[in-house]
Amino acid sequence: METFTETKEQLIPMPRIGDKAPDFRAVTTQGNINFPEDYKGSWVILFSHPADFTPVCTSEFMTFAKLEGKFGKANCKLVGLSIDGLYSHIAWLRTIKEKIEFRDMKNIEVKFPLIEDITMDIAKKYGMIQPGESKTQAVRAVFFIDPDGFIRAIIYYPLSLGRNFDEIYRALIAMQTADEFSVATPADWQPGDDVIVPPAGSCGTAEERMQGQNGEVSCTDWFFCTQKLEKDKVLETVLKD
Ligand code: BEZ
């Protein structure tokens, strides 16, 4: 059943995996952006947080800022959003840099854009306002958008739960690996682990699948075939220097 999100003008369907990322223009801490047009050719993680000057969000922003270079090497840019205004964003990011220490992080500068969305127009367009959780703050949404501007994965967390950045990075690399090598990735996959071949939905007959076995492919039944994919091969394909 389709779920709807309420914008200023109308009820529109919540963005879903496989949809074109809804477009918008916005003011950010790094200037104006035209989304997703300005990000063509890159993956983007568009993520929302409930509010500036709150502790869980602060820990998340510091972590994203620390990892920005690592995401960048995987051709992925970061864009944050909350329904606070630009001057709140600027003051919060300055406070983070000047005062906040968290784990091994201090003096952390957030260099990726943080969107101001006081009207909630963008948050509503992306279904980030989930009234059962909060009518006035965005949930912690993570949209993975591919270089062609399509939504490839969405993760939502409630207000009280800080995101797992290892999982966000793992999901990005797994989707890039699936695209590059035409494979699927099993539970808890990490680069270097066996992958699933062929991807779900492209199966031949049982005989064809079993006959197709060669030294690299190992099938334990007609529907369950895996193949080795070296970690170096994955990393040299998806990571850029
Ligand atoms: C936080 O980021 O700490 C937070 C924000 C909204 C509600 C609860 C926690």
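In which loop is serine 182 found?

**View 1. Serine 182 and its loop in a predicted model.** Serine 182 is found in the loop between α4 and β10 (195-196), where helices (H or I, at least four residues) and strands (E, at least two) are DSSP runs, numbered from the N terminus. Phi of serine 182 is near 50°, a positive value in a residue other than glycine. Most residues other than glycine have a negative phi, and most peptide bonds are trans. This is a predicted model, in which local features need pLDDT of at least 70 and side-chain atom pairs count only at pLDDT 80 or more, while totals for chains, interfaces and linings use all residues. Residues are numbered from 1 along each chain as its sequence is written, and side-chain values use heavy atoms, with hydrogens and water left out.

**View 2. The protein chain and its confidence.** The protein chain holds six helices and 12 strands, and its C-alpha atoms fill a box of roughly 65 × 45 × 30 Å, taken along the principal axes. The mean pLDDT (the predictor's confidence in each residue, from 0 to 100) of the protein chain is 93, and 93% of its residues reach 70 or more. Confidence is lowest in helix α5 (residues 206-211), at a mean of 56, whereas it is highest in strand β7 (residues 114-116), at 99. Where pLDDT is low, the predicted coordinates should not be read in detail.

View 3. The domain assignment, with bounds that come from an automatic or database source, gives domain 1 (4-164) and domain 2 (182-238), and the C-alpha centres of domain 1 and domain 2 lie 34 Å apart. Of the 241 residues in the protein chain, 44% are buried, where buried means under 20% relative accessible area, exposed over 50%, and partly exposed in between (1.4 Å probe, protein chains only).

View 4. A pocket is found on a 1 Å grid over the protein atoms alone, as an open set of points where a 1.4 Å probe fits, with protein on both sides within 12 Å along at least five of seven lines, and its lining residues have an atom within 4 Å of a point. About 220 Å³ of space lies in the largest pocket, a volume being the space filled by probe spheres set on the points, which are joined across faces, edges and corners. Of the 13 residues that line the largest pocket, the closest to its centre are Ser59, Thr63, Phe102, Arg103 and Phe165. Helix α1 (residues 55-73) supplies the largest share of this lining, six residues. By class, the lining has five nonpolar, three polar and five charged residues, with Ala, Val, Leu, Ile, Met, Phe, Trp, Tyr, Cys and Pro counted as nonpolar, Asp, Glu, Lys and Arg as charged, and the others, Gly among them, as polar.

View 5. Methionine 62 lies in helix α1 and, at 0% relative accessibility, counts as buried. Glycine 72 also has its place in helix α1, but glycine 72 is partly exposed, with a relative accessible area of 39%. Asparagine 75 is found in the loop between α1 and β6 (76-82), and its phi is near 55°, a positive value in a residue other than glycine. Asparagine 75 is partly exposed, with a relative accessible area of 24%.

View 6. The peptide bond from phenylalanine 35 to proline 36 is cis, with omega near 0°, and proline 36 is found in the loop between β4 (31-35) and β5 (43-48). Aspartate 166 is found in helix α4 and is exposed, with a relative accessible area of 63%. Aspartate 166 and glutamate 236 are 70 residues apart in sequence and 19 Å apart in space, C-alpha to C-alpha.
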